[in-house]
Amino acid sequence: MNLSLIFAELLAIQGLCLLSLIMKKHQKLLLSGLTETQTLQGVLQGRGREVTRWFAFGLLLLSAILFVQQFDIGIGLTYFLGWLTLVGLVLSFLISYYSVLGLPIILLNTLLLLVSWVAFILQ
Amino acid sequence: MSAELGTSHFRQSMTWLHTWAGLVLGWLLYFMFLTGTLGYFDDEIDRWMQPEVPGVKASYSQADLTKIAEQYLQNHAVAASFVRIEYPDSRTPFLVVRWTEPAAPEKDGRAKRVKRYLNPETGEAIEPRETAGGRTLYRLHYALHYMPRSIAYLITSLAAFFMLLALITGIVIHRRIFADMFLFRPGKKQRSWLDMHNLMSVLPLPFHLMITYSGLVFLMFTSMPWVMTASYEDEDDFFDLVFSQPLPEASGVSEASMSFSEILPLVEAQWPNEPLSHIEIRHPDDKNAFVRAFKSDYEGIDGREELRLSALTGEPLSLAVEHEHQQEQGKGAINLYFLLTNLHEGLFANTALRWLYFISGLLGTGMVATGMILWAKMRRQKVNKRSPASKGLVLVEKLNAGAIAGLLVAIAVYFMANRLLPVAMDNRASFEVDALFIALACCLVYPVFRSATKAWVELLILAGVLYSVLPPLSWVLTERTLLDSWLNNDWVMLSVDLSFIFVGLVLMGAALKIRRLNAPLYKPSDKILPKPVIANKGVEAASSLSVQEGAK
């Protein structure tokens, strides 16, 4: 099992989840029944939102680097972009149909990231 | 203010261009995208369409297979100018031999290329059914059918050009391209279609741009021949310089060359623990005979690593001359050409990446289809008693049903023909392709006799049923069941069969959803509530509302 690749894939999921959370349109259209403080967006106002955005981009960049490291720049980037497409698609449907706010996915994904990181260290 | 007006006017112009560039060749683009996407699994489809060929069991080593193939070649490929052994891999689990028989005057002076699948159990060749296979399905996306290649290339180049235009104008007109990246609002009719179109366009945008631009680059020698003719007197000079490999020619002097079994250990010594894709001898028993061996795995996106040995002594030959030749060619543009075409074909992709290519291709197909549907939906919304539907709108709606759902039916018919046509039939492969186009033609005509919505539902149900029936039909006609594939670890056959069932169910589900969404709220004959007796406007309005609610 290639743990480094799994870690790169999980990082990409985490990055996209965070990006999807801080998009204003989602809050406006899909989360209208909730008060601001009930959403992560509500909590992450102003600077917090900016920090989250750059943190998410950082995760995506790290993921891209790991993909490139696993293969080479051509295959790595192709793989990375293909993976982003798939994750983005699934995420869009999850958000749209279930309004899950991305939080359960983020929590689950964080857990998986930690597990894969520990397994990677132990290996 | 004027700047704002100018921007608005520019965006409007781009919207117009996007709409019409997408519509004019939209059905052809859909055809190209879908058949091209299936091409990413052409080997797997080939495998499904030739169920007689047994997969090679993992218990055979490369050396065992080499001996079996060599034995066969010694008996059948006498005086061949080229012999090759192809080893099984995860996509094509077969042992294949190829050779070229010398040119004979009675065969128009052309060398005949022969390919045989071998059964490692018996060492004999297998005669699988003749089929057009996945390769032909893949070729349809750029070479079309029933027309000269040069004309087909021009048409597909033009379609790719329109696609690129639609993509670029789409980026320009989509103001909130990143803000709307994950946005999909289901159950909102036209808005949902627009969201779906955007989702399928924006998420795989790098793929769409790459595949379209590289498709244009692929065919640029046909669509833009002036680039060559401006610098080279003869086109062949250009092609020789760019594409030919400076391989040694036969000397005509006989000298015994080594056998594959003797060569294989030398290759394995150079590449320990590296499975081979294939190994070949050029000009066997000639003084200039040489061996080429290729690794199974790709090195980057450029291709497979090659090892070249003398077939007389087994000593490694230098590839320096060839590398110099390639470097001479490859200062700039040609390197970019090969980079783009390799990315387009995706031959380097492993299973996971191949699936990602496939999904991106399906999204591209969906992008074109939703774009065409959206065009009709937007115009249908404006239709009322004062401005009834134009003939153009009705035509597009019917063509959408016939072409989009019809191609799905046609491809299912193509697979079905593979199972139903007699195995020993002459020109069987050609009949399979004919079946595809006859089915497509019927599907295009069918909406003439039905409303567009009914045609959509019926064609999708038909496609769904056909795909779902394929695995059981295969079981009856070839005696191969899903369980057999599972027990024999034949993942290729199993995944193709399961994919058919999945696609069939999805299509039937889509048909039922369309039917439900387009069902009338109530039939005129339904008597839900009696007509109000009291002539009171307020009560009348209230009861009319309750009729509608009751119907809902």
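Q: About how much area do chain B and chain A bury between them?
A: Keep in mind that this is a predicted model. On the contact side, 27 residues of chain B meet 25 residues of chain A. Carbon and sulfur atoms carry 77% of the buried area. The total that the two chains bury between them is about 2200 Å².

Q: How many salt bridges are there between chain B and chain A?
A: Let's start with polar contacts: between these chains the count is one residue pair, with both residues at pLDDT 80 or more. A salt bridge needs a side-chain nitrogen of Lys or Arg within 4 Å of a carboxyl oxygen of Asp or Glu. Between chain B and chain A, the count of those is zero.

Q: Which helix gives the largest share of the side of chain B that touches chain A?
A: Two helices of chain B, α7 (190-202) and α15 (351-381), each supply at least two residues of that side. By class, the side has 21 nonpolar, three polar and three charged residues. The largest share is seven residues, and they come from α15(B).

Q: What share of the residues in chain B is buried?
A: Chain B folds up with 21 helices and seven strands. Take its contacts between residues at least 6 apart in sequence: 67% of them join residues at least 24 apart. Residues count as buried when they have under 20% relative accessible area. Of the 552 residues in chain B, the buried share is 47%.

Q: How far does helix α20 of chain B reach from its first C-alpha to its last?
A: This helix covers residues 491-517, which is 27 residues. At 1.5 Å a residue, 39 Å would be expected. The model comes close to that, with a reach of 38 Å.

Q: Which helices are included in what covers the buried residues of α20(B)?
A: An α-helix has 3.6 residues a turn, so residues three or four places apart point the same way. Among the buried residues of α20(B) are Val496(B), Phe500(B), Gly504(B), Leu507(B) and Ala511(B). Their cover includes these helices of chain B: α3 (42-49), α16 (391-420), α18 (452-478) and α19 (482-487).

Q: Is Arg47(B) buried or exposed?
A: You'll find Arg47(B) in helix α3 of chain B. Leaving out residues up to four places away in sequence, Arg47(B) touches several others, including Pro93(B), Phe94(B), Asp490(B), Val492(B) and Met493(B). Because its relative accessibility is 0%, Arg47(B) counts as buried.

Conventions
Residues numbered from 1 in each chain as written. Chains lettered and ligands numbered in written order. Predicted model: local features only at pLDDT ≥ 70, side-chain atom pairs only at ≥ 80, totals over all residues. Heavy atoms only, no water. Contact = heavy atoms within 4.5 Å. Buried area = accessible area lost by both parts, 1.4 Å probe. Polar contact = N/O pair within 3.5 Å; in protein donor to acceptor, adjacent residues only side chain to side chain. Helix = DSSP H or I, 4+ residues; strand = E, 2+ residues; numbered from the N terminus. Nonpolar A, V, L, I, M, F, W, Y, C, P; charged D, E, K, R; others polar. Expected span 1.5 Å × (residues − 1). Buried < 20%, exposed > 50% of the residue type's maximum accessible area, 1.4 Å probe, protein only.
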